[in-house]
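Student: I've got a structure open and would like to walk through it with you. Could we begin with the ligand and then move on to the sheets?

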Amino acid sequence: MFHETVVRFGALTAMGPTSLAVRAGEFLTVVGPSGCGKSTLLNLIAGTLQASSGQVLYDGRTVSGPNPHVGYITQKNYCLPWRTVAANIRLPLEFRRVQRAEAERRVAAAIRQVGLSGFEHAYPRQLSGGMLQRVMIARTLAYGPATYLMDEPFGSLDAQLRLHMHVELMRLWRETGSTFVFVTHDLHEAIALGDRVVVMSGRPGRPKFILGIDLPRPRDVVALQGDPRFGAYFRQLWDAIDVH
Ligand SMILES: Nc1ncnc2c1ncn2[C@@H]1O[C@H](COP(=O)(O)OP(=O)(O)O)[C@@H](O)[C@H]1O
Ligand SMILES: [Mg+2]
């Protein structure tokens, strides 16, 4: 939860004052013009960045350092090239000193869940962009965070693969019951995935409009695009967003 949160980098005010409550178990999507503080918002939740003023609370507690309850997935992939898929996914479990047998079990389950079975021993250079992104998701899945933070994770994928990843992500969200905060610049993606869409204003970014997406679940991300309600939501977001 954010309460009157402000982030300044020297003379530049990147964010705020922002007040926003993320609901447990929801899929919250965040859109806004580039540089409006979307990544900053995620960094605050992850605890890798401290607010200049105001508060950031996670489960009622002030976030004052790296937040162990979140998994962070960014657009860039941080796979270690000299480690196999399985060894990359195991990495955070090694940091957390999870016992080897338990780690192996979780890694195998995560690999199955993201559909990478058969690629356990492959190296990152042998994988496509979509597969690498799945490795990043599996890596997070394996330690089962209560909250997933995703920063434009599918930005580099082609449209077809992106739709496919949406289907997988929706399944994962249902299965894990975790909270998702998902940043994107794609309004279609924001509507198709979200329970609510937060529109950030231009810098200094703050939530200027929150749109509840009242479309039934499970959603068919493809059929959805032809739904008249989808078009109406798109229009509302388009009108709310500052275009620079
Ligand atoms: N570590 C930093 N030091 C200085 N300025 C930063 C830093 N991180 C972000 N900014 C600035 O803060 C603003 C918001 O950044 P960011 O949250 O990355 O925007 P977005 O993700 O919406 O594109 C930008 O103007 C960016 O240049
Ligand atoms: Mg960003």
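Student: Which residues are around ligand 1?

Tutor: Keep in mind that this is a predicted model, where local features need pLDDT of at least 70, side-chain atom pairs count only at pLDDT 80 or more, and totals for chains, interfaces and linings use all residues. Residues are numbered from 1 along each chain as its sequence is written, chains are lettered from A and ligands numbered from 1 in the order in which they are written, and side-chain values use heavy atoms, leaving out hydrogens and water. A residue counts as near a molecule if one of its heavy atoms lies within 4 Å of it. By that rule the list around ligand 1 is F9, L12, A14, S34, G35, C36, G37, K38, S39, T40 and R203.

Student: How far is the polar side-chain atom of T40 from an oxygen atom of ligand 1?

Tutor: We're after polar contacts here, meaning pairs of N or O atoms within 3.5 Å; within protein, one must be able to donate a hydrogen and the other to accept it, and residues adjacent in sequence count only if both atoms are side-chain atoms. K38 uses a polar backbone atom, 2.8 Å from a ligand 1 oxygen, while S39 has a side-chain N or O atom 2.9 Å from an oxygen of ligand 1. For the polar side-chain atom of T40, the distance to a ligand 1 oxygen is 2.6 Å.

Student: Which element gives the most to the shell around ligand 1?

Tutor: Elements are DSSP runs numbered from the N terminus: helices are H or I with at least four residues, strands are E with at least two. Two or more shell residues come from each of β2 (12-20) and α1 (38-46). With three residues, the top contributor is α1.

Student: What is the order of the strands in the open sheet of four?

Tutor: Two strands pair if DSSP finds at least two bridges between them. Strand β1 (residues 2-9) is joined to β2 by five bridges in the antiparallel sense, with F2 partnered by L20 and R8 opposite T13. The edge strands, pairing on one side only, are β2 and β5 (61-62). Put together, the antiparallel order is β2-β1-β4-β5.

Student: At about what angle does α1 run to β1?

Tutor: Axes are lines fitted to C-alpha atoms, for helices over the stretch in contact (heavy atoms within 4.5 Å). Angles run from 0 to 180 degrees between N-to-C directions. Helix α1 lies across β1, β2 and β4 (53-58), and its angle to β1 is about 115°.

Student: Which helix packs on the sheet and touches β3, β7 and β8?

Tutor: That's the open sheet of six strands, β6-β7-β8-β3-β9-β10, with mixed pairing. Its edges are β6 (70-73) and β10 (207-212), and β6 runs parallel to β7 (residues 147-151), joined by four bridges. One facing pair there is I73 and M150. The helix touching β3 (27-31), β7 and β8 (179-183), at about 150° to β8, is α5.
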